[in-house]
Each structure stands twice: as C-alpha cells, then as structure tokens.
Amino acid sequence: MCGIIGYVGEKNASDILITGLKRLEYRGYDSVGIALVNSDLYVKKQIGKIAELSSGLDHNKLAKYTTGIGHTRWATHGIPSDINAHPHCDCRNEIAVVHNGIIENYAVIKKMLIKYGHNLKSDTDTEVIVHLIEYYYQKYSLLDSVLKALSKLEGTYGILVVSKKEPHKIIAAKKGSPLILGIGESEMVIASDASAIVEHTQKVIYVEDNEVIELEKDSFKTYGLDKKAIDKRIEDINWDIESIEKQGFDHFMLKEIFEQPETITNAFRGRMLADTGSIRLDGLNLSDKELNEIERIIFIACGTSFHAGIIGEYLIEEFARIPVEVEYASEFRYRKPILKKGDLAIVISQSGETADTLAGLQEAKTLGIKVLGITNVVGSTIARETDGGVYIHAGPEIGVASTKAFTSQVSVLILLTLLLARKRQNTAEEIKLYIKHFKEIPEIVTKILAKDNEIKEIAKQYKDSKNFLYLGRGVQYPVALEGALKLKEISYVHAEGYPAAEMKHGPIALIDENMPVVIIAPKDEVYSKVINNMEEIKARNGKIIAVAFEGDEDIQNYADHVIYVPGVRKMFAPLVTVIPLQMLAYHIAVLRGCDVDQPRNLAKSVTVE
C-alpha cells in the first residue's frame, strides 16, 4: 500500500527519490515526503501529490545529498495530513524513518516513550519506531539501535532508516511488507516495488521477513534479527522501464485493457501441447499421483482475484469433477478452517504480497496442507513461500483496477482445469479441441476491443447514473461481480453484482427507469432463464445493457443496448464477456472526471490488514 524508496550512491538523491515515488504512485497514496542526509538532515513532507512536493524543492541546492529515503502514505493510523505524512523524525532531528505496515502495540510503546521524555507529534503508529531507535542510539550504532527497536515491535513493517551521524548508510528491515534491493554501480536502490528500481538496475535481492540490511553505495550486509549474517542470492528482473510507461494511451488502465490479447497469449504460451492433447504446468511441483489424489481444492484470494477463483470453481467442478471452495482470504484466516488430507489450497494474488492472502497461505501450511500460488510478480512473497504454482506472465500492471491480471488469472485457471480434466475424464482428442479454441481467444478479444467507440457512446448515456445492477448466471455470475467491482473502483458509482436468479429475492425492488442493469447473456444452457430475467426488468421500466453473442438478434427485443461479442465455448466465455465491462467502467469513469489510474482510497497492493 504505502510506497517506500531509498537511495545511497553518488547521484542527486532527491531526483532519484522523486522519480521513484512517481513510479510508485499507482499503489495509491494521500501524502508524500522525502528525507535527505549529509552532515545534516533535510525533511520535506506534505499532504497531496508527488508533483506538488517536487515543485517546492530546489533540486540544485539539494544536489549535495546523495543518500535519502522517500514515502507515499496510504493512511491507516491518523488522518491524511502534513504532520502524519512520512518520513518521521526523532526529537533531535537526527534520524528519519519511512514505514509500510502496521505496528499493533504502538500505543503501549508511545506511552512508554512519552514517560521517558520523548515528544511525539503525529497520530501515526510509525512515529514510535523512530523514537525507539533514538532511545537506543544514545549507546549503540544505527544498525544495533534498529535491531533493538525491532525486538520491541509487534505487527508488520517494511522500514528504511537514515541518520545524519552515519550519512552514507541506510538500514532497511522487513516483516510482512515487501522490500526489494536493487544493486547498481556504486549505488543501491531499495523500494517496496521493482517499478522504482528497474531504470537503475535489473540486479535485485528479495528481502525476506525478519531480515535487516545495512546499505552503503558499494556494499550491503544482511542480518537476521539476532544479527547473524545471511547470504543472499542476486537475481534478475525480467522486465524493463518501457513496460511500465503509458506508450501513448491516456491511462495505464486503458493500455492494460488493450494489452489483453497479448497477455492472454503469454499466460498459455508454451503450456498447451496440441500434438499430445496435454497441458504442461511444471511449476505446480505435483506428481501425477498427487494430481490424481486431490479430493478438494480451496482457492484463497481477495477482490478481483477472488472473482477469478469463483470462475475457477465453476470450471473445475464442471469439467474435472473436483469439489472446489472459494474463500475470502480475510475471512479464511480467522474462521478456523477445516482442512484435511487430500485438500489442495491455491492462493491467488496479482502482486503476490496481499497481506490477507499471505496470512491464508500461512494458515493452510500450518494445518499441513500443500499450498500453490497463482501470481504475477516473480520473486514475490507468495511465489517464494508456496510449494509451487503458476506465474500468469501479465507483465507490470500499474492501473489500480485490475484488468489484464484478471484475464490472465482466468487463463491460468482454464489451463489448470484442462490439466485436471485430462487426468480425470477427458481424452487427449477432447483436450486438443479445447486447446484449438483457446488459441483463438486473443484474436477474438482484439475484435471486441475494436468496439471501444461503441461502448463509449453507451457510457455517455449512463455516466450520471447513481446505481448499477450487474447480473449473470453460472460462470457469468463472477463476471458480473467483476464488472460491478470495476465500476465501483474507478467511477465511484454504486454497483452490485448478483446471480440473475437472485434478482427476485431482493434487488428487483430497486429497479425502475433510473436503474441501469448490465446483463451478461451468452447463448448457453441458461440463456432462456436470463431472457426471463430481462422481461422482468423491462416490466419495471429498467434500462438494460446486454452483453450477448453475435447473431443473437432476439435479445434486441429485450435490451436497450446490446454489446455483441463473438460466440465461444462456455469454458472461455468469461475471457470474452468481461472485456466490454472493463471498457464500460473505464469510459464512465473518464466521463465523470475520475482519476482512473489512482482512484480515491484504493491501493494497488493491499499489504496491511
């Protein structure tokens, strides 16, 4: 959630920090700040955008500072304000700290620090960290003071610490919040996200929980909390700065919507063997025997990833005949779940750092269950801590509202369905046919994207609507959930997704001439039932926007607007029907003047509970 970056090297630290923070803007934030150290400590922080902070800096005068830390804050403790913005400093204005996470016992520590004469100025939990370090710094080095302070903290943190007494050094520590160290030529860049690192270096180290790193421009040393040295492996990031630029699109979200033909292809490339009618997912690390012994699958996820999991549930149960449950990670971790031999847990997270999903992962592992991961970010915590899994290969997703990651997740779940179906009941010839149709999906998505102007015209008619209802049946129900979520996230319009048959059990009371209803109505085995739902809506003067298969002229008798998509097999239909819903949400948000890429109150990666 919060974005953090640190730099130690030979260049102007303020320039690098500001550029890095801009790379982290997509994570969501309400305030921003930097701290620079040399023989003195310079701190500038304020509520608002990075550009506003940067415009108030004299970068030439700040060129003498070659070490510094920066932060974008997403408020948890204390309202968004200048005083609550990071970095936070000690009483002597010698030490500065930035922090991502939540310190659960901060109130107790704050009371103790006040008793010892410390002057804490903010309402944040973070400020106790810097004052704890100050308390120990009277006797110990910066590294030892940080280690002693960490021993008193309960909760999660990714922190960076600088001191004017040791001006060419950064101390970093991690527990539950992501940190990546970039290793350059006579410089080190450490951040909560690789996007702030890749323009400097592609050589990185992934910081693990309960590790502390001492950084100087030409060296780094990693320790455990007991100060025992830890050897770290240097790895390569496999994408560059060009992949996180807008490349001519007005917004990252629009760019990512239009990237989906490519990202769906990337998700299945090399994994479907048409000659043998088989699926290859070596990263699962499961033998044929283990695959055949699966008795139940539990998907654990949040938000958009949760919706992808529901699609996985429908597909795996129907085509592979394995029972599936889908759990909100935030509920799974607290409800004492019952897991047993034969269960397989699969956690789904675009970032691989979602706090609740990570906690669900740990809960499942504690209960002795094998846990796999479906994630986008190579080297993420989920990728490292699961027993195996599948990367979705969607590339960096900058827009807060997930689009291409969703369809890539669904694509991987289709592959998993086909793999399990082949093991359980389908012949090689049947799988070959599915593979053939799957390979056609990227071209079909390209055709749907060509309807952009048509969908924009529909958006113009409904941009001022205050409520939307999204309906779908079967595998289209989670697509309805995802369509409603996209509209809520970026346009701030209240929208609800429902199984179409549930409309009569409450939501029908909302329908009148002011209630647009988006209905996903492919020609499948429940098509006639969906038509019945549409008739019920029209009888109450509701406005209908339908997503239907090409050639379905009958649906025009019921819908006010029809967005046609090419007809596909049921297994692949969610990949096709969700695209118009993403585009509709995007255009409504733009027409309403909303900040599409950085919607209010939201963060790209939810790394705190």
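In what order do the six strands of the open sheet stand? The order is β5-β6-β7-β8-β12-β13, and the pairing is antiparallel. Strands pair if DSSP finds at least two bridges between them. Strands (E, at least two residues) and helices (H or I, at least four) are DSSP runs, numbered from the N terminus. This is a predicted model, where local features need pLDDT of at least 70, side-chain atom pairs count only at pLDDT 80 or more, and totals for chains, interfaces and linings use all residues. Residues are numbered from 1 along each chain as its sequence is written, and side-chain values use heavy atoms, leaving out hydrogens and water.

β5 (88-89) and β13 (219-224) each have a single partner strand, so one side of each lacks a neighbour in the sheet. Six bridges join β13 to β12 (residues 211-216). Here E214 stands opposite K221 in β13.

Helix α5 (residues 142-150) packs on this sheet. The helix touches β7, β8, β12 and β13. Touching, or contact, means heavy atoms within 4.5 Å.

Now turn to helix α17 (residues 527-538). Its buried residues are Y527, V530, I531, N533, M534 and I537. Buried means under 20% relative accessible area, with a 1.4 Å probe and protein chains only. These residues fall within an arc of 155° seen down the axis of α17, so they line one face of the helix. The arc is that of the directions from the helix axis to the C-beta atoms. Their cover includes β22 (467-472), β24 (516-521) and β25 (543-549).

K486 counts as buried because its relative accessibility is 1%. Among the residues that K486 touches are M253, T304 and A585.

Conventions. Buried means under 20% relative accessible area, exposed over 50%, partly exposed in between (1.4 Å probe, protein chains only). Axes are lines fitted to C-alpha atoms, for helices over the stretch in contact, and angles run from 0 to 180 degrees between N-to-C directions. Lists of a residue's contacts leave out its neighbours within four places in sequence.
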